[in-house]
Amino acid sequence: MKKTMTDYELIEKFVKGEQSCFEELIRRHKSKVFAYISLYIRDQALAEDLFQDTFLKVIQSVKCGKYYDNGKFISWVMRIAHNLIIDHFRRVKQLNTVSNDDYESDLFNSRKLADENVEDQMIKRQIQKDIRKLISELPDDQREVVILRHYSGLSFKEIAEITDVSINTALGRMRYALINMRKMMEEKKISLTFN
Amino acid sequence: MAKTSTPFLSYHEIQVGNIDIYDDAFGLSQEFSDVFNLLDQLKPVPKKRLTKLLIERVRQMN
């Protein structure tokens, strides 16, 4: 059976000149990183820029020898993404530009299913918009845990490390987030109306 | 050991790949399955074009 290389093994080979190894890392982690960024940044073009910037910054840091293996490559990458998001919001605040809420673009790639009719697609889009709103209405600390856990697939241990809290606190935030979302679902009468 | 006994699994044979032990211990998935089912309707994934563009930029850097 072919052994899958660890993230660190891929990084080591990349530093030694094996270009394809970083491409493998991108393929391995792209969805986690993109999910995290796109749930914070509503402007699709900007989310895509930050997504690319994250990986480019990872390369720069790896080449400068700033990554030391501790088996937490993805946590480190997510922290870079997190910092880029924070930087962006700081810039926006300084420039006092329009809020991200002004964007109505649909960030999420809807699967083009041939057997879906227009009505189904509209319902799906509405549900996705509702979910987005649910998540955006959560307190910052709860929202972060939901995104990192559910959409980026990180473990509570990794989330605790990224957010600088204990595992119990991360679990508690997740629980409160779920309770809050369920409450909002009931209040706003949001439910799945299709399978 | 009787012939009908359950085969013993070694620690490394236990599949825990996608299970978070804390999540599992807290039973969040079971208790909030309705919320998770709703959240699952959102699948933010980068478009192929974006991944391709990123890989091209990475190649240019080297």
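**Notebook: helix H2 of chain A**

I looked up burial in H2(A) and found A:Phe22, A:Leu25, A:His29, A:Val33, A:Phe34, A:Ala35, A:Tyr36, A:Ile37 and A:Ser38 buried (20 or more other C-beta atoms within 10 Å of the residue's own, C-beta atoms being placed from the backbone). The model is predicted: local features need pLDDT of at least 70, side-chain atom pairs count only at pLDDT 80 or more, and totals for chains, interfaces and linings use all residues. Residues are numbered from 1 along each chain as its sequence is written, and chains are lettered from A in the order in which they are written.

I then checked what covers these residues: the cover includes helix H1 (7-15), H3, helix H4 (73-95) and H6 of chain A, together with helix H4 (48-61) of chain B. Helices here are DSSP runs of H or I, at least four residues, numbered from the N terminus.

Next I looked at the geometry. H2(A) has 20 residues and spans 27 Å from first C-alpha to last, close to the expected 28 Å (1.5 Å times one less than the number of residues). I noted a bend of about 55° at A:His29, taken as the angle between axes fitted to the seven residues ending there and the seven starting there.

Which helix gives the largest share of the side of chain A that touches chain B? H2(A) does, with nine residues. The contact (C-beta atoms, placed from the backbone, within 7 Å) takes 37 residues from chain A and 27 residues from chain B.

For the chain, I recorded eight helices and zero strands in chain A. Buried residues make up 30% of its 195 residues.

Methods:
Contact = placed C-beta atoms within 7 Å. Helix = DSSP H or I, 4+ residues; strand = E, 2+ residues; numbered from the N terminus. Buried ≥ 20, exposed ≤ 12 C-beta atoms within 10 Å, placed from the backbone.
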